[in-house]
Amino acid sequence: MAIRSSIFALGCGAGVLAYAALASADVNIPFSRSTLPNGMTVILHEDHAIPMVVVNVSYNVGSRFEKAGRTGFAHLFEHLMFMGTRRAPTKAFDAWMEASGGSNNAWTSQDRTDYYDVGANTSLDLLLWLEADRLRDLGPLMTHDKLNAQRDVVRNERRQTSENTPYGKVELRLPELLYPASHPYHHPVVGSHEDLEAATVDDTKAFFATYYDPANASLVVAGDFEPNAVKDKINRYFGAIPSRGKPIDPGAPNFLDTKTTLTGVVREAMEDNVELPKIIMAWQTPRHFAPGDAELDLISVALAGGKASRLYKALVYDQKLAQSVDASQDSGTLGSRFEVDVMARPGVSLDALEAAIDKELAAVRNAPLSGAELERAKNMVETSFVMRAESLRERAALLNMYEAEVGDPGYAEKDLTRYRVATTTSIQKVAEAYLVPNARVILRVVPKKESGK
Amino acid sequence: MKGASMRWSRRITNFLIRATAATVFVSACGGPGAEPPPKAAVPPADASTEAGAPAAIDPLGSRPEVPMPAPYTPPVPVSYTRSNGMKVWLLERHALPIVSMQIVVAAGSGLDFAGKEGLAYATANMLDEGAGKRGALDIARDIDQLGAALTTGAFVDYSFVELTSLKKNLEPAALILGDVVTKPTFSLVEWKRVHDLWENELRARQSNPHAVASVVAQRLVFGPSHSYGHPTSGTKKSAANVGLSDVMRFYKEMWRPEAATCVVVGDITQSELDSLLDKALPAWTSHPNEKSGGKRDKRDVQNVAPPNASDRRRVVVVDRPDAPQSVIGVARRSVSASDANAPLLARVNGALGGSFTSRLNQDLRESRGYSYGARSRFLFMALQGMFAAEAAVQVEHTGDALKAMLGDIEDFAHSGLTNEEESKTRMLARAELVEAYETVEATARRLGRIAGVGLPPEADALASKLMYNATKQDLSALANQYIDVTSGIVVIVGPRAKIEPQLKAIGIASIDSVGPEGE
């Protein structure tokens, strides 16, 4: 599932949300879609509930498109998209947007780079103008100073979110263990310090010319606007941006998402500045929206969603081996990663903990979930979906996610149907096929010796 | 996706979140008479169609001006008191069939018994570990089955139980909420497990540098004996002292209807709600003869005044050998949530460290490249507040970064806001408020916080007007009075051996060492 943005609502505690099923929930997000002559996709979602607009621009480029020796480049480039043009010099993009009460953020995954702006309903022209300006002109105006400034920021981002965060280094190492070197998902999105240092201005210009093309972009405008006026503005601002052609998606021609490349158990242990050890297990699983993907989402909920889930009940509640459990199906365009994370209690043998996890996984493979378990998981998935769509920013992100992944912004109902039709039998089959014990990564994080108490 | 990287973290990492998450009172503006943001600059005449290739006519034209958006005044919930003394705040919203409710009691970690810090938190944790006829797992299973979400927790000034549900499942879910609030089992078997998990969580906290910075800053700013001087989740030492009998006593004294507010937002009318509460909370009655809960301890109020200006700034380091970054926190005391200046200070902060273009973030991140982001914030609590700035910086630049942060803060305190900042902060505060009231659950949490810190239901509406009307002179005077940190505290979590010489080089000679809980 796509990343959630962090919201600058100071003080709102993070809540774990799960909501009930709507047997007849209407989850569709109304929209209209068109394509500009230069190939740019335009999706409008009108909603006058609050005096706000959201602009979301998604580019079909992520870390899997990176060249050898340039890991982390797609994300670094995302930062460079804010570094200015002639019309909006360095710092002006943010300064003008915030002066109008707007805000923005962006994220990069293996598959995509997504930018969004949130503003008052009166600021839409400005938001569109700023997005069009950088798509039109930013690349050729790149300089060493701009590149160096964001290179420092990104290297500090890597230090802060991965290196200096407990268990943060897992995300740097796990992709390398899970995928072979020739697979586009082999390296972490944030990249290595070495490759970030190696990036040049010429790299940025070439990357922009290839991937930041209107034919490779999808624009969503959502919220409180007048559609005809907005269409005129979009045509004027974006319509005349020349396309150099839609870039070729190299995909992963030598790999199948339904056939893991792992031929055994890949084991590794890493030391970290942590108090409690953790066991992480990971499998290669079917890509987003492929058969099995929704079942794996439901399995993750049955395993670790709430206190009544299987892993929580067995490991935390009954056997008292674990401090916390987590499971997720992290769905991607080329393939997905199913992951189980279990933090050990102090003094617990990791071998014993691993055996206890394996017992629960075997149970999911060897027998169907109960009807009540499946109903719970479905209810939790379905209503979290309904709740997410209450936010205008999330609706804009969903429209672009569906456009990018399945070429249909209106896929919400079909997406949910995948979960609704899953059965205990289909789930067991998927568990048997993919959550196999002998083709997975088992990574242990253990406290550093010198800091271990 | 899991591996995705964000441009910037809009949230202040973890700093202070554990301690004060729901007590933060972010005010925002709205109301008539706003001035427009800075006029659109005329783009350069040679703006190009193809970068580098001049063209006669720029298809983008000049930068669009932004008309002033209509004023936004937050909605005010209907409020009334039920016969058992519990206040009800209801904000009807019928767009989606969703209801979110919070039972808030005015007793948070500020009322933890001495030596039992973390008690309010532990009590809230125990409420859903068995209640009424259900055991701990039954509660979780039944709530999940309904697709609802039930959460319990505590903050500095209040504790809460939160329920969000689809309307069609609200009644059975609310009956469980009612049991959790009024009939917790407090089983010794469950307590043993909850207590073990709690102690492990506190142990794990020591390896999170942001959490450590937060815990230490809070302790140093308020002092260990102050109601607010300890983390909401307690310390390793205090947690070891808390027993189930303490939890039961805290519950009995504090979780009482006359100390409670039931905040409800969503697709429900007042008559539907009253009937629901009759069923969900039938036996929750006040006991006027017993000690009344929720009374705030006034011992500390004498200390509300800002620290004596002659006090020197205290600098402490929590050693974290081999860390690639230093987490720097700069903090001081501030005004309470009920202070008329609080909403204005939230706007003042927008210019210093509350937005991407704020001075701290622009300087430490965009100009110097020391950090992924620098922020500041005010935390407004019932008795008094706190101002804190934070940045995680590359270890090699710890000294320079601290010097820059202190310089930015002092400069802002002395010179106040620019015209652009005066306008920008008004616009940003308005936008934050619009978003804060967008969803049912976010709205319920915000109103729960307002109730929890003892403010009236119309607090945001009033604050928006106050803040809206504040002038540059008003805001600059407040910056001068409440941003100065010459007598505040500095906490640095990082490798002491590498940091100390850098601090000496910027003239900081006296450096204290403390442990990860500030001891």
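Strand 4 of chain A, residues 103-108, is mostly covered in this predicted model. Of its 6 residues, 6 are buried. Strand 4 of chain A pairs with strand 5 of chain A and is also joined to strand 1 of chain B.

**Burial and side-chain direction**
- Ser103(A), Asn105(A) and Trp107(A) point one way from strand 4 of chain A.
- Asn104(A), Ala106(A) and Thr108(A) point the other way.
- Residues on both sides of the strand are buried.

**Pairing within chain A**
- Strand 5 of chain A covers residues 113-120 and runs antiparallel to strand 4 of chain A.
- The two strands pair over 6 bridges.
- Asn104(A), one of the buried residues, stands opposite Asp117(A) in strand 5 of chain A.
- Strands 4 and 5 of chain A form a hairpin, with 4 residues between them.

**Pairing across chains**
- Strand 1 of chain B, residues 5-6, is joined to strand 4 of chain A by 2 bridges.
- These two strands run antiparallel.
- Trp107(A), buried in strand 4 of chain A, stands opposite Met6(B) in strand 1 of chain B.

**The wider contact between chains**
- In chain B, 91 residues are in contact with 95 residues of chain A.
- Helix 13 of chain B, residues 419-436, gives the largest share of the chain B side, with 10 residues.
- That side of chain B divides into 47 nonpolar, 25 polar and 19 charged residues.

Key
Residues are numbered from 1 along each chain as its sequence is written. Chains are lettered from A and ligands numbered from 1 in the order in which they are written. This is a predicted model: local features need pLDDT of at least 70, side-chain atom pairs count only at pLDDT 80 or more; totals for chains, interfaces and linings use all residues. A residue is buried if 20 or more other C-beta atoms lie within 10 Å of its own, exposed if 12 or fewer, and partly exposed in between; C-beta atoms are placed from the backbone. Two strands pair if DSSP finds at least two bridges between them. Two residues are in contact if their C-beta atoms, placed from the backbone, lie within 7 Å. Ala, Val, Leu, Ile, Met, Phe, Trp, Tyr, Cys and Pro count as nonpolar, Asp, Glu, Lys and Arg as charged, and the others, Gly among them, as polar.
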